[in-house]
Amino acid sequence: MVPTSYYLVLSAVLFGLGVVAFIFKRNIITIFMSIELMLNAVNLAFVAFSRALGQLQGQVFVFFVIVVAAAEAAVGLAIIIVIARNRGTLNVERVDSLKH
Amino acid sequence: MPVLAYLWILPLLPLLGAAANGIFGRGWTKGVVTRVALSSTTLAFLAALELVREFVALPPDQIPWTKSYFTWISAGGFRADFALQVDQLTIIMLLVVTGVGWLIHIYSTGYMHDDPGYRRFFSYLNLFMFFMLLLVLAANYLLMFVGWEGVGLCSYLLIGFFFLKQSATNAGNKAFWVNRIGDFGFILGLLLILRTFGTLDFATVLPRAAAMPAEPAGQAGVLTWIALLLFVGAAGKSAQLPLYVWLPDAMEGPTPVSALIHAATMVTAGVYMVARSHAIFLNAPVAMQVVAVIGCVTALFAATIGLVQTDIKKVLAYSTVSQLGYMFLACGVGAFSAGVFHLMTHAFFKGLLFLAAGSVIHAMGGEQDIRKMGGLRKKIPWTFWTMFMATLAIAGTPGFSGFFSKDEILLAAQRASTPLWALGVLTAGLTSFYMFRLLFLTFFGAQRFDEKHVHVHESPRNMLAPLVVLAILAVGGGWMAAPHLWGGANFFEEYLAPVFATAPETPAAAAEASVGAIELLQALLGAPVIAGLIGFFFAWWFYIRSPKTPKKLAASLAATYKLLSGKYFVDELYAAVIVRPLVWISDKVLWRVVDEGVIEGTVNGVAHVSRETGDRLRYASTGNIRTYAAWILVGAVVFTSLLLWMAG
């Protein structure tokens, strides 16, 4: 059986990739994808712990996260489409009218 | 017994007058304002007369008649009622206040007739009557203090009545501030009474103070401290050394105000208060000595200044200070009824002197300098004759009211201490001199004004009538005490005897009752009368016989003259020692350091710190999502590691 720590390391690596991508990428779509990546890294950690501890709560949490992620994807993509239409760009550094 | 049961009617009437004129009188004509102001004081006077009628019928065991209307203050163990009381002393004061006040109201309708502030004047004057009646009717020290402060307020308002004149507003402020010093002493005295006796009611405090053993001479116990603190208040209100400086300046007010407030009634409130508290004073010999000495020295001091003043009202002002000194001298030697007697006769003749002076000023078209008058005797005969009567009275001419009251005081002083008596007699001589000097300079000799510019005219009847009434009182007001010269009773003293029952006068009065014909002659030709004659003679010599003498004398005694005409430079001294240092501290320390530095510095400092902090923190909000994300990450890392570190 694969030890739990392996899953956790994989989860941490995926989460780290997500964070780095979120910070350094400029394209909104990519940033959005990195958020999904982080969420799923967390899901992986939940499932791993659930299995290791023999409890179901972790898996229930994963379902919640998936549902929220789906809703977030729906709303987020809608916002992205509106931004793309209005601004003609997907670069977040250009979308800073609140600052000015 | 309507008025006895409803004592509050007395002060309420003038208050209603003041309120009606002050609040609703904006559009009223002068006639309506006059009717409101006069009817309120007339009714008050009538109510006072009715009160006297009812009071006479009162059985002696019901005196003092006290009526409590409602609980005014009740806090912890302390309780003060809105309670009024009437006894013989109150009756005297009531008659003086309402009677003289009423006459002066009538006079004012003529004197102030063309003043644009007519309505304001009368609402202030009525308000003054209200507070003064409250002061004399109060049955406890606290309510008395309310009246005390109220008359001070009205005094301030009326001194500064011509508020467009800088000197008038300054004089008003000065009166207010100097009185604050006195009132501070009064409040401390009240607190000490409260601490010692647990209440401020006259009915409790005074008998208990009387029952306490007299404090040995030369030792200051609690009664002495109470008495001295009360006297500080009295010295402020009644213009005694060293707090007298406000009264001469108070002459900036309209002349009827000088007559009513600064001669007849308010300034005598201090004497009334001391007389009211006689039970405390009598058991505090040290305080009594202080009162007597201050009174006597003030009498002499003010009289010497009065010798060389050239403003008709200033002469009278210093004379008032001097006469008030006599009253305190009387109280200080234990002759409270003599002090109150002089208070009453003084109200008559000094009120009259001021009103007559007002009539002179009116006739001269506003001129107040007696050097620019002269020869007015024939032009304004009514004013002259009434003022002449008042001068005779104040100079102590035998038979006139001032003679009886002043002799009473000097007799009591003689029994107590020879130096005080000698100073008192000297003052009597000076009084006679400066009063006749005033009279001669104003009414006799050559005219020293240009008749083309000054149209001298006698005052209207509503001004002369009060003069005549007061002249009758000034001449005859002393006869209440007269019979004891013939071995009979001093009605005034007997009348007040129940109030001052604890005063040691009663045996002395009994001894006096046996005065024979020789003593009568001695009294008639006694030292005060001789001093008065000498004063009169010098005044006649200087200002009628050889008018050049005063100037020569002033030149040969230049230093003395300068000292006197400079009023001993007390104002300058106070300015140098108290006023200017205070102004300096207020300006350089309190304003520049405390206000601008500490208070404004704190407020502005808080604002400055917030602004600067905000300025710095502004850079954190870049609007860049990725920066925020980075911060979230940093925070998450920091907290996670903290958590791990603490758990580990």
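Guide: The expected span of a helix is taken as 1.5 Å times one less than its number of residues, and the model to which this applies here is a predicted one.

Visitor: How far does helix α3 of chain A reach from its first C-alpha to its last?

Guide: Helix α3(A) covers residues 57-87, which gives it 31 residues. At 1.5 Å a residue the expected value is 45 Å. The distance in the model is close to that, at 43 Å.

Visitor: Which residue takes a positive phi just after α3(A)?

Guide: The phi in question is about 70°. The residue that takes it, just after α3(A), is G88(A).

Visitor: What radius of gyration does chain A have?

Guide: Chain A has 3 helices and 0 strands, and its C-alpha atoms fill a box of roughly 50 × 25 × 20 Å along the principal axes. Buried residues make up 13% of its 100 residues. A compact globule of 100 residues would have a radius of gyration near 13 Å, whereas the value for chain A is 17 Å.

Visitor: How many residues of α18(B) are buried?

Guide: Helix α18 of chain B, residues 401-416, reaches 23 Å, close to the 22 Å expected. This helix is largely enclosed by the rest of the structure, because the buried count among its 16 residues is 13.

Visitor: Which residue stands opposite I73(B) in β2(B)?

Guide: Strand β1(B), residues 65-75, is hardly covered, with 0 buried residues among its 11. Opposite I73(B), on the β2(B) side, stands A80(B).

Visitor: Which residue takes a positive phi in the hairpin of β1(B) and β2(B)?

Guide: The hairpin has 2 residues between the strands. With a positive phi near 60°, the residue asked for is G76(B).

Visitor: How many residues does the contact take from chain B, and how many from chain A?

Guide: Residues count as in contact if their C-beta atoms, placed from the backbone, lie within 7 Å. The contact takes 8 residues from chain B, and the number from chain A is 7.

Visitor: How do the residues on the side of chain B that touches chain A divide?

Guide: The groups are nonpolar, polar and charged. In that order, the residues number 4, 3 and 1.

Technical notes:
Residues are numbered from 1 along each chain as its sequence is written. Chains are lettered from A and ligands numbered from 1 in the order in which they are written. This is a predicted model: local features need pLDDT of at least 70, side-chain atom pairs count only at pLDDT 80 or more; totals for chains, interfaces and linings use all residues. Two residues are in contact if their C-beta atoms, placed from the backbone, lie within 7 Å. Ala, Val, Leu, Ile, Met, Phe, Trp, Tyr, Cys and Pro count as nonpolar, Asp, Glu, Lys and Arg as charged, and the others, Gly among them, as polar. Helices (H or I, at least four residues) and strands (E, at least two) are DSSP runs, numbered from the N terminus. The radius of gyration is taken over C-alpha atoms; the globule rule is 2.2 Å times the number of residues to the power 0.38. A residue is buried if 20 or more other C-beta atoms lie within 10 Å of its own, exposed if 12 or fewer, and partly exposed in between; C-beta atoms are placed from the backbone. Two strands pair if DSSP finds at least two bridges between them.
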